[in-house]
Amino acid sequence: RPTLDFNFAAEKKLDPRITYTRTGPASFVNEFGKVVKVGDNAPRFDHDPITRECKGLLIEESRTNIHQYSQDLSNWTVESGGSVTANTHISPAGDQTADSINGTQAGSSAYRTFPLTSGTTYTFSFFMKYVSGNQNILISIGDAALTRSNTTFNTSTGALVSNSGGTATVNDVVAFPNGWYRYSITRTATSSSSAFIDFNHTSSTASVVAVWGAQVELGAFTTSYIRTDHNLRSIRGADECYIDGQDFLDFYNQLEGTMISSHSILPNIPSTHNLYTYQISPTGATSYAPLRLLDKNGSYGNSLTAASVYNNSTVFLVQPSGSPVTVAGRKMLTAVSIKKDDYDASFNGEDVQSDGSGDLYTADHISIGYYKPSPQAYLNGHIQRLIYYPTKLSNSQLKTLT
C-alpha cells in the first residue's frame, strides 16, 4: 500500500503533513464557477468555470497586479461620447461590482494609463460581457514609443475578430458563466513611458459592455486574478507546498520507491520558463536529488522529464516517447520508480523506459509544485494527485497506473 496518497482534486484539502505558505491576496474558481478571493496561506483548489470539474491544487509563481482599483473603472478616462457606470452588473465573483462601459458612437471609449519599464513583458487581462448594441469591442494597447496594437473581440461569443498593429499576442479567451469571458493579451514595452489600455466601441450603434477584474501583470502569460482594492499594486506571493523533517522520513524509503503523479500546466508559458511538478532532495540542496519531475526546461527541449541527480550529474533522465513539448491543460500521468542502478518510468500509459546505472542519495524533503532553493521555479499549473509507494513497483504496474 502507498504511504502517501494525496488526491487533491477529489478531497480539496491538504494533508496535515504538508506545509503550505503564500503571502498576499489570491483567487481561484470554486465549484460553482465563481471567482473567489482568499488571503494569506489559503490553498486553492481550482475548478473549470464551465464544467465545474476540479483541476486540483493550484501552484503559481509570484505576480503583481499594477492596475489600481481592479474592480472600479469609474476613474478611467472617457472620450467621444463614452462613459463608465459603476456597479451595474453581477460580476464573475457573484456580487454586483462589474461596471458598464457605454458608447454612443464609433470611437466612444474608456482608457487607463500605466507606468511601464522598457523591455519588460506585460500581460493585460480582464473579464468582459456583452450587454447590448454592437457586439464588437476593440482593445488598443500601446505606449509613446510603439504602434498601437488593435485587437477586436466579439463580446457575445468571445471570438477573436482581428488583431493588427504592434506586437500584441492574444493568449487565450476563457469562458465563464452568465456570458462572461476572460481575455488575455501580452506585449513587451519598448519605452519606459506610460502605456494605456483603451476599450473602443466600433459601431455608431449605442452599445454597452460590462467589464470587471482588470489586471496588468509582469510576465508573458496570464495567472489567476489578483484583486486590488486601493490605489496601490497588489502582490500575490508564490505558492510553496512541501513535506520535510520526520513527516517526510515516516513515508519515504531511502533505498527504493515509486512516485505516481497527475498534473497539468497553464497555457502560454514560454520556453524560457522552468516548471517543476515535484522534487525529492535534501533540504536546501539540489546537487543530490534522487527524483525530480520537470514540465518545461530549455535544456531538455521543454518536454516532461523524470530525472535523478547525483553530485550535480544526471544519472537518470527519461521523457515521453518522441520528447514532445508539454501541452497546456492536458493531464500528465507519470509513474517513476527508483533504486540503485535500476530506474524506470512510464508516461501516460506508454511503454516503460529504463536506466540501469546510477546511485541514490539521502533525502529529507519533497517540494510539491516547485523547485528550491534559488533560483526557484514553480509548476504554474494544477496537481490532481500524488502517490508514493515505499517499494519499487514492477514495470507492468507502472504502465497500468498511468
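Okay, quick one to start: leaving aside its neighbours within four places in sequence, which residues is T152 in contact with? They are N136, I137, L138, A159, L160, V161 and S162, with contact meaning heavy atoms within 4.5 Å. T152 itself sits in strand β14, residues 149-154; strands here are DSSP runs of E with at least two residues, helices are runs of H or I with at least four, and both are numbered from the N terminus. T152 counts as buried because its relative accessibility is 7%, and the scale is under 20% relative accessible area for buried, over 50% for exposed, partly exposed in between, using a 1.4 Å probe and protein chains only.

Bit of housekeeping. This is a predicted model, so local features need pLDDT of at least 70 and side-chain atom pairs count only at pLDDT 80 or more, while totals for chains, interfaces and linings use all residues. Residues are numbered from 1 along each chain as its sequence is written, and side-chain values use heavy atoms, with hydrogens and water left out.

Next, G237. You'll find G237 in the loop between β20 (234-236) and β21 (240-244), and at 6% relative accessibility it is buried too. Beyond four places in sequence, G237 contacts R22, T23, E61 and S62. Take S62: it is 175 residues away along the chain, yet the two C-alpha atoms are separated by 4.4 Å.

On to salt bridges, meaning a side-chain nitrogen of Lys or Arg within 4 Å of a carboxyl oxygen of Asp or Glu. The whole structure has 16 of them. One is D229 with K37, at 3.2 Å from N to O. D229 is in the loop between β19 and β20 and K37 is in strand β4 (residues 35-38), so this pair ties together parts 192 residues apart in sequence. Both ends are partly exposed: D229 at 38% relative accessible area and K37 at 42%.

Then there's K392 with D344, at 2.3 Å from N to O. K392 lies in the loop between β33 and α3 (395-401), D344 in strand β28, so the pair ties together parts that are 48 residues apart in sequence. Here the ends are buried, K392 at 16% relative accessibility and D344 at 4%. There's also a network: salt bridges with shared partners join R22, R44, E60, R236 and D239.

On a 1 Å grid over the protein atoms alone, a cavity is a set of points where a 1.4 Å probe fits but cannot get out; a pocket is an open set with protein on both sides within 12 Å along at least five of seven lines, and lining residues have an atom within 4 Å of a point. Points are joined across faces, edges and corners, and volume is the space filled by probe spheres set on them.

The largest pocket holds about 660 Å³. It has 34 lining residues, and D46, K55, L266, P267 and H382 are the closest to its centre. Elements supplying at least two lining residues each include β6 (54-59), β17 (180-188) and β33 (381-389). By class, that lining has 14 nonpolar, 12 polar and eight charged residues; Ala, Val, Leu, Ile, Met, Phe, Trp, Tyr, Cys and Pro count as nonpolar, Asp, Glu, Lys and Arg as charged, and the others, Gly among them, as polar.

As for cavities, there are two of 30 Å³ or more.
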